[in-house]
Amino acid sequence: MSERAEHQHFENINAPGSVPALTESEIAEFWLNVDKSAGWGCWPWLGHLDGRYGTMRIQGRQYLAHRVAWVVAKKDTPNHKFIGHKCKNSACVNPWHLFI
């Protein structure tokens with residue numbers, strides 16, 4: 001995949017729309033795919049990676065794992081806003097490393 005095509009692909013699953021309300025089982029599944037052993041460091045996504053980013057399927061649609069992490073931790077859905085990584089590690093889902 002070219003760099004431009006990859007960027008467009010991630011724009012499509014990262015920006016418009018929001019992560020839906022999560023069930024307790026979806027939240028539990030999310031945490032099963034997170035390695036929190038680094039404490040305050042990066043928490044790598046252990047589930048499916050689509051390029052450099054973790055992804056999680058919720059209600060039949062693919063979402064970036066760091067967007068799901070934001071919703072799980074902050075209880076807020078940043079509709080139509082990008083979420084970035086302060087740590088520059090695209091597989092990190094530590095909510096303290098994320099920003100809008």
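1. The strands β1 and β2 (residues 53-58) run antiparallel and are joined by 2 bridges, where two strands are taken to pair if DSSP finds at least two bridges between them, and where helices (H or I, at least four residues) and strands (E, at least two) are DSSP runs numbered from the N terminus. Within this pair, Leu-49 stands opposite Gly-54 in β2, and the bridge partner of Asp-50 in β2 is Tyr-53. The hairpin of β1 and β2 has 2 residues between the strands, and Gly-51 takes a positive phi near 75° there.

2. Some remarks on provenance are in order. The model is a predicted one, in which local features need pLDDT of at least 70 and side-chain atom pairs count only at pLDDT 80 or more, whereas totals for chains, interfaces and linings use all residues. Residues are numbered from 1 along each chain as its sequence is written, and side-chain values use heavy atoms, with hydrogens and water left out.

3. As to the overall make-up, the chain has 3 helices and 5 strands, and from the N terminus on these elements run α-α-β-β-β-α-β-β. Of the 100 residues of the chain, 41% count as buried, a word that stands for under 20% relative accessible area, with exposed meaning over 50% and partly exposed in between (1.4 Å probe, protein chains only). Among the contacts with a separation of 6 or more, 57% are accounted for by residues 24 or more positions apart, a contact being heavy atoms within 4.5 Å.

4. The pair β2 and β3 is antiparallel as well, over 4 bridges; Met-56 stands opposite Tyr-63 in β3, and Arg-57 has Gln-62 of β3 as its bridge partner. In the hairpin of β2 and β3, which has 2 residues between the strands, it is Gln-59 that takes a positive phi, near 50°.

5. Taken together, these strands form an open sheet of 3 strands in the order β1-β2-β3, with antiparallel pairing. Since β1 (49-50) and β3 (61-64) stand at the edges and each has a single partner strand, one side of each is left without a neighbour in the sheet. Helix α3 (residues 65-74) packs on this sheet, touching β2 and β3, and its direction makes about 80° with that of β3; axes here are lines fitted to C-alpha atoms, for helices over the stretch in contact, and angles run from 0 to 180 degrees between N-to-C directions. Strand β2 has 5 of its 6 residues buried, so β2 is largely enclosed by the rest of the structure.

6. The largest nonpolar core has 18 residues, and those with the most contacts inside it are Val-19, Leu-22, Phe-30, Trp-45, Ile-58, Val-68 and Val-93; such a core is a set of buried Ala, Val, Leu, Ile, Met, Phe, Trp, Tyr and Cys residues joined through side-chain atoms within 4.5 Å. The elements that give two or more residues to this core are β2 and α3, and α3 gives the most, with 6 residues. Leaving aside neighbours within four places in sequence, Val-68 is in contact with Val-19, Leu-22, Phe-30, Met-56, Ile-58 and Tyr-63.

7. Helix α2 (residues 24-32) and α3 pack at an angle of about 125°, with their axes 11 Å apart. The two helices are therefore oblique to each other, given that angles under 35 degrees count as roughly parallel, over 145 as roughly antiparallel, 65 to 115 as roughly perpendicular and the rest as oblique. Their contact is made by Ile-27, Phe-30 and Trp-31 of α2 and by Ala-65, Val-68, Ala-69 and Val-72 of α3.

8. Helix α3 is mostly covered, with 8 of its 10 residues buried, namely Ala-65, His-66, Arg-67, Val-68, Ala-69, Trp-70, Val-71 and Val-72. Just after α3, Lys-75 takes a positive phi of about 60°.

9. Finally, Ala-69 deserves a separate word. This residue lies in helix α3 and is buried, with a relative accessible area of 2%. Ala-69 and Trp-31 are 38 residues apart in sequence and 9.0 Å apart in space, C-alpha to C-alpha. When neighbours within four places in sequence are left aside, Ala-69 is in contact with Phe-30, Val-93, Pro-95 and Leu-98.
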